[in-house]
Amino acid sequence: MASLGDIIVRIFGSKNERTLRKLKPIVEEINRLEPEIERLSNEELGAETWKLRGLLFGEEFKGEEEWRAFQPKLEQISEEDWTKIYAKLDEILPRAFALVREASKRTLGQRHFDVQLIGGIVLHQGKIAEMKTGEGKTLAATAPVYLNALTGLGVHIITVNDYLAKRDSEWMGPIYKMLNVSVGALQHEYDDSARRELYRRDILYGTNSEFGFDYLRDNLKYRLEDMAQRERLYYGIVDEVDSILIDEARTPLIISGEVEREESGYSELRPAIERLVAKQRTIIKKIFREAMLLRDKPEQEDDYYFKLLQVERGDPKNKELFNLITEDKETKKKMERLVSMLRVNKEEHKLKQGLLYALNERDNAIELTDEGQKELISYIGDVFVLPELSEREQEIETDPGLTLPEKLKAKEALHQEYQTKSERLHCVNQLLKAFTMFEKDDEYIIEDGKVVIVDEFTGRKMEGRRYSDGLHQALEAKEGLVVQKASQTIATITIQNYFRMYKKLAGMTGTADTEADEFKKIYNLEVVVIPTHKKMIRTDHPDVIYKTEKQKFQAVVKEIEEAYRVGQPVLVGTTSVEKSEMLHRLLKNKKIPHQILNAKHHEREAEIIAQAGRRYSVTISTNMAGRGTDIVLGGNPEMIAKTLSRGDPEKYQQLLEQHKKTWDKEHEEVVNLGGLYVLGTERHESRRIDNQLRGRSGRQGDPGKSRFFISLEDDLMRIFGADSLANIMNRIGIEDNQPIEHRLVSNAIARAQGKVEAQNFEIRKRLLEYDDVMNKQREIIYKLRREVMKANNLREKIFEYIDYLTETMVYEFGDEKTPAEEWDFKALSEQTLKQLGIILDFQKEPIEQISPEILIGLISQKAKEVYLKKVELAGEEAFQRFEKDVFLYTIDTLWQDHLLDMDHLKEGIGLRGYGQRDPLIEYKREAFKLFEELQDKIAQNLIQKLAQVQIAVPKEALQRKRVVRPLRMEHRQASAIGMSQAGGQALSAEGAMNGEMPAQPAEEKVQPIRRAQPKVGRNEPCPCGSGKKYKHCCYPKYG
């Protein structure tokens, strides 16, 4: 019986169908305009751009010159007016799309299908268009790109690699040029000046990392004119949106700098860790043998399963244990039952007895046991007991037998011991991870003497990226390479938060619908599935499952051999470099010609994939599978011509004509053979990645087929689903070498993938929740930096800081509730000298009339007078430049330290969960405190640097005879601090430059700087409306 939801869908259609119905009238309007647009000449077609821009801005543009003259005015347009301009884009959409279609026909010989126009409208609306492979996403994007480029704010098209950015900008470039809009492509090797020029173009293609790193680099610059990106990020279209916004979202973009310290610890400790790992393997073998002796003894069943659990903890990938579990369907159940019982009795820790370390694959964690610590102590000494700093320092301080220099020396030695042990302990933990949890040719490869990370989702090399927190150095030591210096984060942002800065974001991919919830929750992006131009007729066969990996690969090779014999092209997908190399060796032994594409052989990626549809073609690829490059049945004539011509235009045309003639025949032959056969050798963690691989076949109505070959030893099955699958196979009665195709098995695989997808989504969501805290802080700091760079005069901001610091200092040493006689004036004098560079002369006089407000006003005014004398000496213009540089330097150095503090906070915050506290809430609370401290430090360090700077006085100035006297300021009610006979002198202050202030004319009066707004008192409500006191909210003001 149909549910109510099904009945509603039958009557009204699904949400996706209703969305598509709304777009049909717009497509019809575009088609209606086609005959009119076709009658325009090329010049008239280009001139339409100026007419459309004129409609948007209410101006008249005759050409490029008038538009360039108008562009500076874009920054003066209010947000309210921009909202009206954005609304006008919808009005001119049909004409703009019709212009792009006509330009494409004339320059590329390609006319946008109606489904491509629908895709373009969806992209313009800021949604994700799911378009199947081969449906022409690149061409579909040109219409919304052109439409939004008319605003002059810049449109970014984000691709997965530099090659696609350059290819797409050159391929689609003629359309844009005919329509008088500029286009460019960001490449990794471009310098700052080239990047700045590219960002000023209407349309820019580039990778997510190039855009993200440019944003971070810009926020390390000291001059506005040096910044590459525009201040406003308007519209971005993310190609292969699932790959960029989901697969790469767990890896934040980080700019780091080297830390000045030796990294020899990793190389020194490597032999000890190697011995420890080797000894653990011996222990695991011994425990497994002992378990086998107990296998047939029912009275010792618990001991038997206990030992198996120990093997699992010590070596989760142990093949002997895995084979045992697959043979006996009850083994895993009883192991889990015993673990539950141990957990209830709080005896789970006993499983680690006898082991040197314990591994947890699901959590990617490793724990050194007491036995392991003792073993390492015998190799490297005791690094596991760190000195208790506070207690030891107290002992040193109270030791009567030590002189002051000896105490200082003892404290220095104590801190050195603590630091050395901490660093060695950190090296031990990272080396253990490197040896036990990271496999060469899986997570990383070695290239040119360097460890290069391999992206787990795409199989591509991640050039220039390094694991953080010393893990990369540990891998270098493990592989016997030169250990590079450690690095400290200077600037960082996650992919999610960078792209959420765009006013309008859209995306396109062939596989987004399965992740629609995540796109909506994290990016507020709706997924619209675009219908195909031609019906998809690919056949997706059920999975074939084997018990062992060896049997699986034997079957894969046999399947490839059969397809090769008849000439059917085969694309084989693998999940790692290691597996692709193994398959390569198997095919080589069978003498089957093939191409291999992985992180080791990525240079010819597009060329290899483009020809994967030819007869007798066998291509082995990691998950990257040449995304962005079409696999055309019979081969790709354009790519063949481009490869063979080597940049010669005449030769390219000749070769293109030649290969087009033979292509028709070969295309028909491959179609008759059944099209491209996509063969997966392992299920990925995500169904979406599997669908991407399948999607390489069956483009634009072509025939094709796909099938996955799986074994119970595959990582996904082993970690998340092997026990249930083994039980199913045993229930059905499958022999070891017999494959299985069954609905139960397919359901078990789907459940396993569902578990991992849910887990990965939680990881990404949690990462974002933590980074949202950092993101708010980043926005405040980067906004402050930009304001400093924009400001012509920072004096008012600096004087605000002086007021704030003066108030803080005064209330630190005295307040309204404490009698003035009890205030610590000596400490206050020391603090004002250190912080503000002025000397206070407190005289022993009655102090009944003094109050914090009076003292704050006196100190603040004197500090400003001293400061202005420095400005006068140095020259206003020179000192303003100096102020700006010091301000930016102070922000940057303290922000870097803050990032390190936040990293340390994030690492340890999970432990709060053991105290029944939510780590995220605790993280937010602690992060807020750290940020408040950062704001205070910026004010303190800036004023301290500016106050202590010494101005070099020209010799001729010193030779002039001037009347010199200490700077003084008066306040009639300040009898508490040194009244002089001259009457009312309250406070004398001298600059901290050699104990004297520079020569100044005594009669000159310093003009005070007037506030633009009335001063808000420390205890008054904050004007921002938060309800908090001003001192606890926006004082000092950072934005």
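Tutor: Rings of Phe, Tyr and Trp, the last taken by its six-membered ring, count as a pair if their centres lie within 6.5 Å. In this predicted model, the count by that rule comes to 23 aromatic pairs.

Student: How is the pair of F57 and W67 arranged, in distance and in the angle between the planes?

Tutor: The rings of F57 and W67 are 5.9 Å apart, centre to centre, with 45° between their planes, and the pair is classed as tilted. The pair links distant parts of the chain, for F57 belongs to helix α3 (residues 42-57) and W67 to helix α4 (residues 64-70), 10 residues apart.

Student: Is F57 buried or exposed, and is W67 buried or exposed?

Tutor: Buried means under 20% relative accessible area, so F57, with 11%, is buried, and W67, at 2% relative accessibility, counts as buried too.

Student: Which residues form one aromatic cluster with F57 and W67?

Tutor: The cluster also takes in F61, F70, W82, Y86, Y234 and Y235. Over the face of Y235 lies K504, at 4.8 Å from the ring centre, while K478 lies over the face of F435, at 6.0 Å from the ring centre.

Student: Where is confidence lowest, and where is it highest?

Tutor: Where pLDDT is low, the predicted coordinates should not be read in detail. The protein averages a pLDDT of 80, and 82% of the residues score at least 70; the mean is highest in helix α8 (residues 142-149), at 96, and lowest in strand β21 (residues 967-970), at 28. Over residues 957-1012 pLDDT stays under 50, and for these residues the model has 110 contacts beyond four places in sequence.

Key: Residues are numbered from 1 along each chain as its sequence is written. This is a predicted model: local features need pLDDT of at least 70, side-chain atom pairs count only at pLDDT 80 or more; totals for chains, interfaces and linings use all residues. Side-chain values use heavy atoms; hydrogens and water are left out. Rings of Phe, Tyr and Trp (its six-membered ring) pair if their centres lie within 6.5 Å; planes under 30 degrees apart count as stacked, over 60 as edge-to-face and the rest as tilted. Helices (H or I, at least four residues) and strands (E, at least two) are DSSP runs, numbered from the N terminus. Buried means under 20% relative accessible area, exposed over 50%, partly exposed in between (1.4 Å probe, protein chains only). A charge sits over a ring if NZ of Lys or CZ of Arg is within 6 Å of the ring centre and within 35 degrees of the ring normal. pLDDT is the predictor's confidence in each residue, from 0 to 100. Contact means heavy atoms within 4.5 Å.
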